[in-house]
Amino acid sequence: MSLSFFMPSKVIGGDEAVIKNSFIFSSLGKKAIIITGKSSAEKSGALNDVKVALDRENIEYTVYNKINENPLLSLCFEAGKTAYDFSADFMIGIGGGSVLDATKAAAIFADNPNFSQDDIYTRKIPAKHLKTVLIGTTSGTGSEVSSVSVMTHDKTGVKKSISGPDCYADYVFADDRYTFSMPYNTTVSTALDALAHITEGFFSPKMTESEMLFANEGIPMLVSALKEINETKALPNENLRRKLYTASLYAGMVLNTCGTGFPHPLGYVLTEYKGIPHGKACTYFYEFFLSRAKEFEREKFDKFIRLTKIKEDELIRIVNELTDIKVCFTDEEKERIKKRFTSNPPRNFQNSPGGFSVEDILNNNLYK
Ligand code: NAP
Ligand code: FE
């Protein structure tokens with residue numbers, strides 16, 4: 001029997017989870033900092049619910065609302081410093097993966113005021129960190145249930161992740177109604193990200209029977225939802241949105257143990273160079289990833305396709321149609337990408353079916 005399972009955050013799901021469980025905030029302290037992006041916390045209704053809950057518990061709070069997409073390290077640092085200056089007892093991150101990831105890093109900066117920005121990458125793990133509550137508003141990253149935080153380094157523009165037990169939230173409020181305000185493009189891209197997590201994790205050598213339980217449920221949920229979105233080209237109804245959010249958490253559980261394969265670091269380049277949203281940037285390589293899975297992990301591949309409940313061709317067509325991006329790289333950009341992956345091959349390469357190397361990128365002309 002192979003089992004590997006660790007996810008220590010307490011997840012409380014359901015409509016009005018925040019308001020109904022306001023006492024949890026009281027257990028964390030008297031002063032809170034709320035971390036958000038520009039507008040999603042408000043649009044989703046989550047910020048209002050949190051304010052109601054904090055007022056009810058007589059908790060003083062301040063809001064830091066500058067987190068951007070693919071969050072800059074400097075803003076995570078600034079959020080941490082703001083928390084320190086405010087003497088916050090705990091943090092509440094409300095938003096998509098960008099804000100949730102930023103909150104994890106800010107919680108470390110807040111409790112280590114002597115840290116420079118780059119110390120977050122070299123910290124002794126686990127580092128001290130402020131207690132955190134995460135409230136997701138997208139159905140993609142599963143950051144709520146993972147020990148991963150991805151930030152963009154200001155100087156290099158490169159996306160780089162940190163992970164460790166100090167990156168888990170203490171509490172997660174999973175109220176899927178907060179995803180209802182996502183626009184179509186964000187809904188599609190984040191759902192594709194969840195599919196990328198559950199697919200790349202499925203073929204990781206770290207996959208065990210415990211993650212397989214989440215994959216068994218999550219794969220058919222995600223694929224049927226994506227099929228319906230692709231057929232209608234319309235915003236999903238509320239039931240479908242709820243299903244997508246649950247599936248994104250299942251995919252996050254798979255990611256948390258299994259990690260991701262080569263499409264993730266390759267996708268980071270598409271986001272950095274061409275501004276492609278994260279989910280689509282990863283599924284740009286989906287067809288190629290599946291072809292490697294078929295070649296090197298045939299038995300697992302057959303099981304995966306059975307779980308999707310559709311044929312391989314149809315799956316690839318749906319993912320490609322929803323991904324729908326065209327990019328063009330200059331020779332100079334290709335040279336920089338080659339250097340980057342040669343000098344510092346991501347661990348994700350070995351976590352992919354058949355392994356993966358910079359030669360595979362070049363031989364298959366993956367950056368056209
Ligand atoms: P995001 O970057 O958090 O958000 C994308 C956009 O959607 C933002 O403009 C955001 O607005 C808006 N938005 C979010 N929720 C909304 C809602 N309910 N209603 C209306 N607008 C909404 O997107 P994401 O795909 O969730 O996160 C991507 C980031 O997560 C990337 O940096 C990626 O590398 C990282 N990631 C992390 C993990 C992990 O395990 N930790 C895994 C995969 C990816 P605001 O700017 O106003 O918030
Ligand atoms: Fe991802």
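Student: Where is Asn-70 found?

Tutor: Asn-70 is found in the loop between S3 and helix H5 (73-85); helices (H or I, at least four residues) and strands (E, at least two) are DSSP runs, numbered from the N terminus. This is a predicted model, in which local features need pLDDT of at least 70 and side-chain atom pairs count only at pLDDT 80 or more, while totals for chains, interfaces and linings use all residues. Residues are numbered from 1 along each chain as its sequence is written, chains are lettered from A and ligands numbered from 1 in the order in which they are written, and side-chain values use heavy atoms, with hydrogens and water left out.

Student: Why is Asn-70 called partly exposed?

Tutor: Buried means under 20% relative accessible area, exposed over 50%, and partly exposed in between (1.4 Å probe, protein chains only). Asn-70 has 23%, so it is partly exposed.

Student: Why is Asn-58 called exposed?

Tutor: Its relative accessible area is 63%, and the cut-off is over 50%, so Asn-58 is exposed. Asn-58 lies in the loop between helix H4 (46-56) and strand S3 (60-64).

Student: What is the phi of Asn-58, and what is that of Asn-70?

Tutor: Phi is near 55° for Asn-58, a positive value in a residue other than glycine. Asn-70, also not a glycine, has a positive phi of about 50°. Most residues other than glycine have a negative phi, and most peptide bonds are trans.

Student: Which peptide bond is cis?

Tutor: The bond from Ile-125 to Pro-126 is cis, with omega near -5°.

Student: What makes the approach of Ser-98 to ligand 1 a polar contact?

Tutor: A polar contact is a pair of N or O atoms within 3.5 Å; within protein, one must be able to donate a hydrogen and the other to accept it, and residues adjacent in sequence count only if both atoms are side-chain atoms. A polar side-chain atom of Ser-98 lies 2.6 Å from an oxygen atom of ligand 1, so the pair qualifies. A side-chain N or O atom of Asn-70 is 3.3 Å from an oxygen atom of ligand 1, so that pair qualifies too.

Student: How do you know that Arg-241 has no salt bridge?

Tutor: A salt bridge is a side-chain nitrogen of Lys or Arg within 4 Å of a carboxyl oxygen of Asp or Glu. Arg-241 is buried, and the nearest side chain of opposite charge, Glu-238, is 7.2 Å away (Lys and Arg count as positive and Asp and Glu as negative; His and the chain ends are not counted). Therefore Arg-241 has no salt bridge.
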